[in-house]
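Subject: Handover of a structure and notes on it

Dear colleague,

Please find below the structure that I am handing over to you. My notes follow it.

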Amino acid sequence: MKNVAPAIFPPNGIGDTTPTNQAVLDWVHEIGKLTKPENIFWCDGSERENEFLIAESLKQNVLIKLNQKKVPRSYLHRSNPNDVARVEKVTFICTPTKEEAGPTNNWSEPAETYSKLYALLNGAMRGRTMFVVPYIMGPPDSPLAKVGFEITDSKYVVLSMRIMTRMGKVALDRLGNDPKAEWNRGLHSLLDVDPDRRFICHFPQDNTIISVGSGYGGNVLLSKKCLALRIGSYLARKQGWMAEHMLILGVESPEGKKHYVAAAFPSACGKTNFAMLIPPAHFKGWKITTVGDDIAWMEIRDGRLFAVNPENGYFGVVPGTSYKSNPNAMKSIEHDTLYTNVALTDDGDVWWEGKDGPPPKHAIDWRGNDWTPDSKEKAAHPNSRFATPMRNNPALDPDVEKGEGVPISAIIFGGRRSDTVPLVYEAFDWTHGVYLGATMASETTAAATGAVGKVRRDPMAMLPFCGYNIGDYFRHWIDIGKRLSNPPLIFNVNWFRKGADGKFLWPGFGENMRVLKWMIDRCQQNGGAVKSPVGWLPSPHDLDLDGLDIDHRSVADLLGIDHEEWEKELAEHKTFFDSLGGVVPEQLQKQRERTVARFKE
Ligand code: GTP
Ligand code: SPV
Ligand code: MN
C-alpha cells in the first residue's frame, strides 16, 4: 500500500504518556497487532507535543506554513482532491438488524463489516506511526460528558482533534483506571485514500467507530459526527437525553434578560453564522454569545431542556466568511487556525471566495495549481474549512464550560428553501413542532459529496447523522415533549427564500437578529402573531424592521403562504412519510392531516 503517512520518531518525553486503563491498553495492543505500525505515539495534548507534530507535518507537506505575521500559528492543509467532504453513501450504521438502523441509513451486518474492515486494516499502518488520541466530549464536569479514544495514522487528524475536542491528559484523568468504564473506540486509517476503499462504519451496540480511506472532516474527526451525533443519538435515546445537529446561542437584552436558543439547520445552512451573529446598529445593547456552532447535547432538568456543546472548537465553512458577513468568525480565524482546502496567496496568506477586499492577482488554488481571477475554477473549495479553538471567539458564552448546561427557551429548525417556506413561523405546540422538524427540507450543499442544490427532506437536520431508526427518533422527540413541563417553543426559519429575480429576499446574517428578536418576544409572551394553516406567523409590524432597507413587497413575499406551493409541499410530506415504510408515529401523520385540513378551513 502507498505510504501516505510515513512514521515519525519523537524524542524521549513526547508521545510516551501511556494510559493506565487496562481496557484501553488491551484495545490499542489488539489494533497494533492488526495494523502493524512502525511505532505507537500516545498523545497527551501538551504544547510540546503539538509543536513537534506541526514540525513533522511541515516536513512531510501535510501542512503548509502560512505567513506568521498575517496568520500567527496557522497552517494550511490540502486534502486529496478525491476527498473533500463527508460521503454519505459509504457511511454505515452496523446494528444487529437492518430495522434498528431504519429506512434512512445505510446498514451492514456487524460481523461481516468487522471482517471486511479488518481485512482492509491488516498491515495498513506498516511504516506509519499509530497515534492514540484520548479526548472528552462535553465540559469535563457535565453528566453528559463522554470519553473517546481515536486511533489514527493521520497527523492532520491529531492536530485537528486537539482543536476540536478536550484532548490528552484531561481525558485520561477523567476515564481513570476502571476497566469497565464506558468509552468510545474510534479507529481510523487513511489506507491509501482511495474512494473505492472508503467506509465510515458505526457499531452503536459496541460504542465503536471504524473509518478508513478518507482524511477529511466529518469522515475522520470521529468525535464529531460519528460519536457526538450518530453514536450519541443512539445512546441519547437509550438514556433519555438528546444529541442534535444544533448550534446553541445566548441572547441578552439591554435590560440584562438572557435566553438561550438551539437551532438545527442542515450542513452548510448557517449554524456557525447564526451562532456568532452580531446584531445590527438598531439593536443597541443586545448581545449574542456562542455556546456551540454545530452540536447540542440536551437533557431534562426541572421540566426544562438544558444544553451543552460537546465540542471545544469550530470546524467551519470558509467560503462566504468575511468581516461583513461574520466578524466574530473572522476574528476567530486570525490566528491558531488550521485551514483546509483554501487558496494560498503569494505572500503566504489564505484567500477564499467571499473574503473581504479584491481577489489576489495570483494565488495557488486548493488543489495546488496556479490561480488568477480569470480562472474558471474556484480558488478555495466550496467546502473548504477552518478548525479553530472556540476560545478564539470574541463572543464565546461565559457558561460554555458549565457542566449542567444552559436552559433552552426555543428550538429553531431551518433549511435552505428558495420558495414555499416563510422567513419564520412558530409551531402551535411541541408535537406540531416535532412535525415541522420531521418534515423540514433543504437544498443540498457541498458539505457532502453529490449533487448540490437539490431539495431533500432532512428531518431535524439529522438525516445523515441519526444513528438509529428515524421512526424511533421521531417517537423519542415526542416522548421528550411529554416529560417537559416547561418546553421550549419551536420555530421554523428560512433565510434563503428567493424573489422572482432569483435573488435572496432576506439580507440574512446580522439582520437575522430581527427574526430572533421576534422569537424571544414570543418566548416572553409579548410578541404579536397571526394564525396561519402552517403555524403562528409574524405580521410585518410584529417584526422590528426599523433601519432595514427592504421594501414592503419583499416583506410580504417573505412572510407569504402560497396555497398552491403548500399543496405541493404537503403532498411531498406524505410522499416522504410513505417512503419511510410505516415507521412514522401516528401523531405526526395526524399533524399532517390537520395541516391539510387547516388549509381547507
Ligand atoms: P456545517 O458546518 O456544515 O454544519 O454548516 P453551518 O450550518 O454551520 O453553516 P455556515 O454558518 O457555515 O454557513 C454556510 C454558508 O451559508 C456560508 O457560505 C455562509 O456564508 C452562508 N450563510 C450563512 N448564514 C446565511 C444567511 O443568513 N443568509 C445567507 N444568504 N447565507 C448565509
Ligand atoms: C457538516 O457537514 O454538517 C459539518 C462538517 O459540520 S463535517 O465535520 O465534515 O461533517
Ligand atoms: Mn454540521
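How far apart are the end C-alpha atoms of helix H16 (residues 586-600)? They are 21 Å apart, which agrees with the span of 21 Å that its 15 residues should have at 1.5 Å a residue. The expected span is 1.5 Å times one less than the number of residues. Helices (H or I, at least four residues) and strands (E, at least two) are DSSP runs numbered from the N terminus.

Please note that this is a predicted model, in which local features need pLDDT of at least 70, side-chain atom pairs count only at pLDDT 80 or more, and totals for chains, interfaces and linings use all residues. Residues are numbered from 1 along each chain as its sequence is written, chains are lettered from A and ligands numbered from 1 in the order in which they are written, and side-chain values use heavy atoms, with hydrogens and water left out.

**Helix H16**

The buried residues of H16 are Leu588, Gln591, Arg592, Thr595, Arg598 and Phe599; buried means under 20% relative accessible area (1.4 Å probe, protein chains only). Seen down the helix axis, these residues fall within an arc of 120°, so they line one face of H16. The arc is taken from the directions from the helix axis to the C-beta atoms. An α-helix has 3.6 residues a turn, so residues three or four places apart point the same way. The buried residues of H16 pack against helices H11 (430-438), H12 (470-482) and H15 (563-579) and strand S30 (530-532), where contact means heavy atoms within 4.5 Å.

**Ligand 2**

The residues around ligand 2 (a heavy atom within 4 Å) include Arg86, Ser267 and Asp294. Polar contacts are pairs of N or O atoms within 3.5 Å. Oxygen atoms of ligand 2 lie 2.9 Å from a side-chain N or O atom of Arg86, 2.5 Å from a polar side-chain atom of Ser267 and 3.4 Å from a side-chain N or O atom of Asp294. Taken alone, ligand 2 exposes 290 Å², of which the protein buries 98%; these areas come from the Shrake-Rupley method with a 1.4 Å probe.

**Ligand 1**

Among the 22 residues around ligand 1, Ala268, Lys271, Thr272, Asn273 and Arg385 come nearest. A polar side-chain atom of Asp294 lies 3.1 Å from an oxygen atom of ligand 1. A backbone N or O atom of Phe509 lies 2.9 Å from an oxygen atom of ligand 1. Taken alone, ligand 1 exposes 660 Å², and the protein buries 91% of that. H9 gives the most to the shell around ligand 1, with three residues.

Yours sincerely

Methods: Buried means under 20% relative accessible area, exposed over 50%, partly exposed in between (1.4 Å probe, protein chains only). A polar contact is a pair of N or O atoms within 3.5 Å; within protein, one must be able to donate a hydrogen and the other to accept it, and residues adjacent in sequence count only if both atoms are side-chain atoms.
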